[in-house]
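Dear colleague,

Please find the structure below, together with its sequence.

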Amino acid sequence: MEKYFAYLEELRESGETNMYGAVPFLQRRFVELQFDRKRAAEILDAWIRSFSERGEDE
């Protein structure tokens, strides 16, 4: 998950997309997620939830 979370943080900082729409970005960046939208969505959900666990805003 670390590599996905690091990418999502970079994507967030870039401002390229609203993070709720980041699933296609994950799928393009990571070959193993290319045809697994469900897994990419699970990763994004875990990343979003990590903000509340750390006490940060989404």
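**Findings**

Among contacts in the protein chain (heavy atoms within 4.5 Å) between residues at least 6 apart in sequence, 42% join residues at least 24 apart. Please note that this is a predicted model, in which local features need pLDDT of at least 70 and side-chain atom pairs count only at pLDDT 80 or more, while totals for chains, interfaces and linings use all residues. Residues are numbered from 1 along each chain as its sequence is written, and side-chain values use heavy atoms, with hydrogens and water left out.

**Overall form**

The protein chain has three helices and zero strands; helices (H or I, at least four residues) and strands (E, at least two) are DSSP runs, numbered from the N terminus. Read from the N terminus on, the order of elements is α-α-α.

The radius of gyration of the protein chain is 11 Å, which agrees with the value near 10 Å that a compact globule of 58 residues would have. This radius is taken over C-alpha atoms, and the globule rule is 2.2 Å times the number of residues to the power 0.38. Along the principal axes, the C-alpha atoms fill a box of roughly 30 × 20 × 20 Å.

The protein chain exposes about 4100 Å², of which carbon and sulfur atoms supply 47%; accessible areas come from the Shrake-Rupley method with a 1.4 Å probe, and for residues, only the protein chains shown count as cover. Of the 58 residues, 34% count as buried. Buried means under 20% relative accessible area, exposed over 50%, and partly exposed in between (1.4 Å probe, protein chains only).

As for charge, the mean positions of the 9 positive and 13 negative charges are 6 Å apart. Lys and Arg count as positive and Asp and Glu as negative, with His and the chain ends not counted; each charge is placed at NZ of Lys, CZ of Arg, CG of Asp or CD of Glu.

**The nonpolar core**

In soluble globular proteins, nonpolar side chains tend to be buried together. A nonpolar core is here a set of buried Ala, Val, Leu, Ile, Met, Phe, Trp, Tyr and Cys residues joined through side-chain atoms within 4.5 Å. The largest such core has 17 residues, and those touching the most other members are Leu-8, Leu-26, Leu-33, Leu-44 and Trp-47. Helix 1 (2-14), helix 2 (23-29) and helix 3 (37-54) are the elements that give two or more residues to this core. Helix 3 gives the most, with six residues.

Leu-8 lies in helix 1 and counts as buried because its relative accessibility is 0%. Not counting residues up to four places away in sequence, Leu-8 touches Met-19, Ala-22, Leu-26, Ile-43, Leu-44 and Trp-47. Between Leu-8 and Ser-50, 42 residues apart along the chain, the C-alpha separation is 12 Å. With neighbours within four places in sequence left aside, Leu-44 is in contact with Leu-8, Met-19, Tyr-20, Ala-22, Val-23 and Leu-26.

**Loops and helix 2**

Thr-17 is found in the loop between helix 1 and helix 2. Beyond residues up to four places away in sequence, Thr-17 touches Leu-11 and Phe-25.

Glu-32 has its place in the loop between helix 2 and helix 3. Its relative accessible area of 41% makes Glu-32 partly exposed. Leaving aside neighbours within four places in sequence, Glu-32 is in contact with Lys-3 and Tyr-4.

Arg-29, in helix 2, is also partly exposed, with a relative accessible area of 48%. The C-alpha atoms of Arg-29 and Phe-5 are separated by 12 Å, at 24 residues apart along the chain.

Yours sincerely
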